[in-house]
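Have a look at it first, and then we'll go through it topic by topic.

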Amino acid sequence: MSPELIIALFAAAVQAGTPILFATLGEIVSEKAGVMNLGVEGVIALSAFAAFVVCHLTGSAWLGLLAGGLAGTLLCGLHSLVCQVFLGNQVVSGLALTLFGVGLATFLGTPYVGQATEGFGKIAVPLLSDIPVLGPILFRHDTLVYLGYIAPVAVWFLLNRTSLGLGLRAAGEMPAAAAAAGLNPQRLRAFGVLAGGFLCGLGGAYLSLAHTHLWTTGLSGGRGWVAVALVIFAFWRPGRAVIGALLFGGVMAFQLRLQASGTNIPSSLLLMLPYALTVIVLVFSAARARERSGASAAPAALGVNIEPEG
Amino acid sequence: MNLVIRKREESLGWGVLVVYLGALALAFCVCALLLKMSGKPGFGGLAILFRGAFGQTYALLDGLVKAIPIFLCALGVALSFRMQVWNIGAEGQFALGAVGATWAALTFPGLPGVALMPLMLLCAMLAGAAWGAIPAALRLRLGVSEVISSLMLNYIGILLLEYLVFGVWKDPASFGFPMTAEFASGGQIARILPGVLGKLHWGLLACPVAGVAYWVLLSRTRLGFEIAAAGEGERVARYAQLPYGFLVFFVMGLGGALSGLAGSIETSATLGRLQPTIMVGYGYTAIVVAWLARLRPWAIAFTAYLLAAFRVGGEVMQLELQVPAAFGPIMEGAILLCVLAGQFFLTYSVSLRPSPKAARPAPPANDANDAAKGARS
């Protein structure tokens, strides 16, 4: 492989990793607050559509992005309602959310299949983009990729350096203690789910506004599930989420290149790669978690609903 | 006024029906709204769906045909859900079952039906069980969450099926269509009474057999009690010295076998060959069914038929109103969300009480917490 090709591959990995990164960060925020959301796949699908449609109608990519985030928030609001108010099982509610969200995106999106939208264009960062090797890999992308550079830092800061983040983590580790300390764990959890939904929504918006620039069905393509798996890989830490997202972005980019190069490996086998890698990554993370402390880094009250007293 | 939420001491009785009907009604309202939003008649569209599902004899029979794989997969899913093991890999196990049966049918085409058919079903169940055992092994040996691994195996299983059908198993006489050669007649499940009962086939027999076996297993055997007890959680199970690892393997393997069986029946009865078009999401519908039925076999049978009928009606609506096929999953998702929320009222009762502050003088500061608790309980 020539150096140019390798650089192009890395650049493509950064791009393909960005939507996964947003979704993983979103799920981290939600799970840190104690709510497991298996609906990410549905959230990504629906927000990709919302972003596309708003951008298509208004011509503004930024409004589209906002719509994607809000669609994610709205759909996750449903999850929050079912799990927090009606104490529904978080796993089942998440699955229902995926069915509903993916279905809704396909249903509403049918009239738009194949239509293109402007979305976000590529902007080379002055000076930085001229750095050899790193420049083309990191600094000749669309604005959302750059937003993706800031997002992990912002999420880390929120979770570890603010009192809101402390409250979120308390709601995820031990809601009763949080309540005793005068916090409102239900409200904190709701915030975690909704903010997480917004971040996942940005990931979905990325797919239609910056990745494909057109609407097709099945745009989410399992990325939501990859994100759920990456949260475990990342030990619920935003920094490690970046590594995971890059890894998957790399595999997806590699697989696309290989397909385009006219290899005689059947495409069904190539398409298996990211899914097989997800399982491998989970195995690897479980092994590492065990050798570290024996306990997983998962929030203690993850997936456990807060029951009313009495 | 304060909302008072209390755990119910006795079950709701007929109120359960009211809760379920209410949740269904809410889900249908959402669906009607969506139809309306996309420029179709809202409740009129649902009327078409219901007429399509229950209006004619052949529609009822078609629903029964579709209910067969859904019922079998749902039993498999319910088995592991009993144990709080979240096997959501029925779709992939279904695919592997279809692959296993096809392998037998294509490898031994010369066998007579009495030998070939059991061999196909056996291969299907083994393949499905193996696919289900992978997440179980990953969880037990390595601590990998079965939710994600079983879901990933869905994608991989479907792609494996496609790989085979597009590649080594492709029928040279299919003009490039992705399908295998037609199975020998001994490898096809016949229709019961083609003139009278439409597409209904002998695969239906698998349902009562599996259903009764499921009921006997869970309510009449030691193993069944152990599964139910292990549903209290891994720590409780290990404390009670239950063979937790074996039980996880057992429910995932048997669940996989049931979904595999569904896959083989679907391949051999409705198509008589393997085609990627058999993957229509029965494995996901099965999860919805298992949860709506609260994991009980009779309710699973009824719910499987209900959702199968909605699928039939949905197809009619698709044709008449040009509604995208995605309407099906939306409906299933909406129903599951509404019922999930509604099930709250089965465990808790909600009533309005005057707020304690208005009714009583303010309690002393020290007792404030206890007083608040007392008012709520």
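The radius of gyration is taken over C-alpha atoms, and the globule rule sets it at 2.2 Å times the number of residues to the power 0.38. With 310 residues, a compact globule would come out near 19 Å, and chain A has 19 Å, which agrees. Keep in mind that this is a predicted model: local features need pLDDT of at least 70, side-chain atom pairs count only at pLDDT 80 or more, and totals for chains, interfaces and linings use all residues. Residues are numbered from 1 along each chain as its sequence is written, while chains are lettered from A and ligands numbered from 1 in the order in which they are written.

**Chain A overall**

- Chain A has twelve helices and two strands (DSSP runs numbered from the N terminus: H or I of at least four residues for helices, E of at least two for strands).
- Along the sequence, the pattern reads α-α-α-α-β-α-β-α-α-α-α-α-α-α.
- Along the principal axes, the C-alpha atoms of chain A fill a box of roughly 65 × 50 × 40 Å.
- Of the 310 residues in chain A, 52% are buried, meaning that 20 or more other C-beta atoms, placed from the backbone, lie within 10 Å of a residue's own.

**Helices 6 and 7 of chain A**

- Helix 6 (residues 143-161) and helix 7 (residues 163-173) of chain A pack at about 75°, with axes 5 Å apart (axes are lines fitted to C-alpha atoms over the stretch in contact, and angles run from 0 to 180 degrees between N-to-C directions).
- These two helices of chain A are therefore roughly perpendicular, a label for angles of 65 to 115 degrees.
- Among the residues making this contact are A:Leu158 and A:Leu159 of helix 6 and A:Leu164 and A:Leu168 of helix 7; being in contact means C-beta atoms, placed from the backbone, within 7 Å.
- Buried residues in helix 7 of chain A include A:Gly165, A:Ala170 and A:Gly172.
- Their cover includes helix 1 (3-32), helix 6, helix 8 (175-180) and helix 9 (185-211) of chain A.

**Where the chains meet**

- 43 residues of chain A are in contact with 44 residues of chain B.
- Helix 3 (61-85), helix 4 (90-109), helix 10 (223-233) and helix 12 (267-292) of chain A each supply at least two residues of the side that touches chain B.

**Helix 12 of chain B**

- Eleven of the eleven residues of helix 12 (residues 282-292) of chain B are buried, so this helix is largely enclosed by the rest of the structure.
- B:Arg294 follows helix 12 of chain B and has a positive phi, near 50°.

Technical notes. Two residues are in contact if their C-beta atoms, placed from the backbone, lie within 7 Å. Angles under 35 degrees count as roughly parallel, over 145 as roughly antiparallel, 65 to 115 as roughly perpendicular and the rest as oblique. A residue is buried if 20 or more other C-beta atoms lie within 10 Å of its own, exposed if 12 or fewer, and partly exposed in between; C-beta atoms are placed from the backbone.
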